[in-house]
Amino acid sequence: MNVLEGLNKAQIQAVQSDGGPMMVIAGAGSGKTKVLTHRIAFLIENGVDPFNILALTFTNKAAKEMKDRIGAMVGPGDAKNIWMGTFHSIFARILRMEHERIGYPSNFTIYDTQDSKSVLKSIVKEMSLDDKIYKPGILLNRISGAKNSLISETEYKNNVDIQATDLSSGRPKIGDIYVKYQQKNFRSSAMDFDDLLFKTNILLKQYPEVLYKYQEKFKFILVDEYQDTNHAQYLIIKSLAARFENICVVGDDAQSIYSFRGANIQNILNFRRDYPDYKLFKLEQNYRSTKNIVEAANSIIRINKEQIKKEVWTANNSGEKINVLKSQSDNEEGKLVANDIFEKSNSINDTFNNFAILYRTNAQSRSFEEALRKLNLPYKIYGGLSFYQRKEIKDLIAYFRLSANLNDEESLKRIINYPKRGIGQTTINKAIACANNNNISLWSVLLNPELYNFEVNSGTRIKINNFTSFIQNYNSRIFTSNAYELSLEIAKSTGILKDLSNDRTPEGIVRYENIQELLNGIQEFSKNSSEENLITLGDFLVDVALLTDADNEKEEDKNKVSLMTIHAAKGLEFKHVYVVGLEEDLFPSMLSKNSRSDLEEERRLFYVALTRAKVKATLSFAVNRFRWGNLIQCEPSRFLDEIDPSYLKNVSSKPESSFIHSNHGSPLKNKFFSKPHRLKKVSKIVEKLDDTNHQNTNELKIGDEVKHERFGKGKVIELNGDFPNTKATVFFASAGQKQLLLKFAKLQLIKN
DNA sequence: TGCCCGGGTGTTTTT
DNA sequence: CACCCGGGCA
């Protein structure tokens with residue numbers, strides 16, 4: 001197959017561009033993935049060794065799909081040799097290979113968010129701090145933010161600004177917690193998600209020979225969804241690409257929706273600065289959606305101030321106008337949407353997998369589930385509690401994890417008394433205290449109590465010995481036995497299987513089935529295992545923490561209505577999309593309304609939601625909704641006002657032919673359009689924010705003290721260029737010298 | 001040590 | 001409303 005076949009002119013130019021730095025700004029539905037896959041195929045066909053290609057994606061699923069598509073073009077053998085995956089999985093792999101340099105064993109455990117929070121919780125307890133103030137979520141956010149800005153625990157404690165921030169928020173001990181958190185994880189031979197990126201940075205910075213090795217290896221680097229990379233990821237790419245500068249980044253600033261995770265538009269600006277001779281490609285033709293959808297989406301995104309200019313257009317038909325559904329309650333919203341799907345799937349004979357319901361928060365799924373179930377429509381919820389986060393799954397995997405890494409304290413605590421074996425909390429707490437005092441792993445304490453002054457009575461001692469000795473047995477086999485055989489044996493002999501099969505409640509049966517499913521998954525994983533090529537449980541564990549639900553889609557889920565958050569829908573497309581819960585304080589979220597940039601991110605999120613639709617988009621909002629257990633009144637989302645009304649049908653509170661009773665159905669025609677005062681209010685706010693923005697830009701001078709959302713306090717040392725492209729060089733206490741384009745950077749003037 | 005009940009509390013989004 | 005945690009009791 002010709003790798004240029006079926007591409008338009010702009011796509012061809014990007015695909016066959018020479019090496020060197022290049023950036024592809026790709027509008028929604030413009031064939032971004034196509035360009036990326038074809039470019040990789042193009043490189044291989046032109047003699048680039050697949051082993052020299054590094055392709056970083058946002059999800060494992062995207063990586064797998066891209067690999068398949070490339071395999072179809074250049075052959076599966078070549079495709080298999082490309083290093084393709086998420087940042088986290090690729091660099092976990094490299095860290096395991098280079099583990100000696102960072103002082104970790106190669107079999108380190110990757111802690112997921114639950115594990116990390118649990119570690120923090122025990123630290124707060126050990127330090128006797130108030131757990132109402134030091135909440136694990138808040139702590140993890142702070143630590144995660146620090147790591148993503150490459151601030152180590154020592155730097156964190158020494159940074160005056162950070163300390164001042166923590167003091168003023170009433171949490172001066174976060175630095176000490178960060179220190180303990182790193183110590184404890186190290187003792188457990190464990191890394192959290194952020195460590196994978198942080199330590200990769202350290203590795204590449206401290207060991208030039210390692211950096212050199214991977215620079216030589218990854219001669220061609222491609223990054224998907226570049227708008228959603230964070231600072232730590234940016235630095236990794238930058239250093240790896242520094243030698244050959246064959247770097248190709250693909251993204252769309254209008255679809256940047258992960259700033260809460262540290263993603264920053266700054267990375268796109270940095271790209272221009274880092275590679276001044278870069279080539280820019282813009283993909284602006286949308287192949288996915290109807291004119292109505294594309295133009296409605298354009299009318300929304302235009303309102304944002306922070307964006308790179310582009311004109312997304314389509315040659316597709318106009319299509320149907322966007323429908324707006326109004327309901328009296330969240331339950332009625334569920335019924336209305338389910339009913340609409342029911343009718344449509346009948347009348348135009350579209351299968352259920354062509355329908356998606358997209359919402360802002362996971363908690364909204366309930367009313368849609370109920371309504372779909374009542375109509376007997378098959379559906380699948382993505383996200384929420386992932387398969388791998390279920391208690392029973394985590395329990396069994398904890399046995400595997402502990403067997404692979406005896407130092408893993410979180411796993412040990414989880415299963416030392418599950419199923420019950422008479423080792424209680426008091427005993428465990430005592431052992432943990434000894435581990436802390438001696439700065440040694442919990443496992444070592446259990447193994448040699450007398451060495452670390454761990455006093456237990458002889459009965460408990462025997463129980464502990466039983467436990468450690470059978471774990472040691474698994475430990476000796478985890479890298480040498482067939483994965484399925486050992487996992488089955490562990491599930492049986494620990495009593496987990498029996499324990500669960502005794503529980504005949506509906507939930508208990510589901511739990512049992514989940515365990516079976518996990519075991520089946522492991523069987524599938526190790527089906528090609530043989531004497532020469534043994535596939536072990538250790539192999540399975542390597543990045544089980546990095547797997548998500550989307551990674552193991554099952555055959556029977558193929559024809560179902562999809563329910564998911566908009567974040568989870570990124571990169572996907574459906575013929576019929578329902579964007580629901582369009583109410584103020586829900587979408588846009590209450591928490592986003594204080595800052596202009598957060599609100600713009602919500603708007604981008606809405607843009608992403610709308611542009612998932614190929615044929616028909618439907619928007620929905622409810623007038624009343626249950627939140628925190630009581631009924632509250634809701635106002636329609638400002639986003640409904642912001643769409644150019646010429647792309648909308650009128651509001652209806654009734655489906656056309658209704659067999660569900662939607663009583664109280666005064667079809668409030670254009671209710672939200674007919675509220676000019678609200679419109680005015682919104683634009684006033686926009687104006688006001690504009691003013692402050694201009695003020696900053698115009699009045700800023702050298703020597704001014706400013707504050708940046710992410711970098712904190714800093715001093716302006718240089719100003720270049722004329723408004724609106726004024727660029728400031730600012731020295732930040734926390735982040736060092738930065739160049740910022742004032743129209744993008746949110747600088748706040750503190751003192752001049 | 002284990003289990004059950006009641007109160008208090010909290011919601012964005014995820015690798 | 002749903003979950004988690006802690007207290008009280010067996």
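Guide: A residue is called near a molecule or strand if its C-beta atom, placed from the backbone, lies within 6 Å of it. This is a predicted model, in which local features need pLDDT of at least 70 and side-chain atom pairs count only at pLDDT 80 or more, while totals for chains, interfaces and linings use all residues. Residues are numbered from 1 along each chain as its sequence is written, and chains are lettered from A and ligands numbered from 1 in the order in which they are written.
Visitor: Okay, how many residues surround DNA strand B, and which are the closest?
Guide: DNA strand B is surrounded by 29 residues, and the closest are Phe260, Asn362, Gly424, Thr426 and His567.
Visitor: And which helix gives the largest share of that surface?
Guide: Helices (H or I, at least four residues) and strands (E, at least two) are DSSP runs, numbered from the N terminus. The largest share of the surface near DNA strand B comes from α21, with three residues, and α21 (425-438) and α28 (566-569) each supply at least two.
Visitor: What sort of residues are they, by class?
Guide: The surface near DNA strand B divides into 19 polar, seven nonpolar and three charged residues, where Ala, Val, Leu, Ile, Met, Phe, Trp, Tyr, Cys and Pro count as nonpolar, Asp, Glu, Lys and Arg as charged, and the others, Gly among them, as polar.
Visitor: New topic: at what angle do α7 and α11 cross?
Guide: The axes of α7 (residues 113-126) and α11 (residues 174-187) come within 10 Å and cross at roughly 120°; axes are lines fitted to C-alpha atoms, for helices over the stretch in contact, and angles run from 0 to 180 degrees between N-to-C directions. The two helices are therefore oblique to each other, since angles under 35 degrees count as roughly parallel, over 145 as roughly antiparallel, 65 to 115 as roughly perpendicular and the rest as oblique.
Visitor: Which residues of α7 and α11 meet there?
Guide: Val119, Leu120, Ile123 and Val124 in α7 meet Ile177, Lys180, Tyr181, Lys184 and Asn185 in α11, with contact taken as C-beta atoms, placed from the backbone, lying within 7 Å. By class, this contact of α7 with α11 has six nonpolar, one polar and two charged residues.
Visitor: Last one: how do β17 and β18 run?
Guide: Strands β17 (residues 624-627) and β18 (residues 630-633) run antiparallel and are joined by four bridges; two strands pair if DSSP finds at least two bridges between them. Asn624 stands opposite Gln633 in β18, and the two strands form a hairpin with two residues between them, where Trp628 in the turn has a positive phi of about 50°.

Notes. Two residues are in contact if their C-beta atoms, placed from the backbone, lie within 7 Å.
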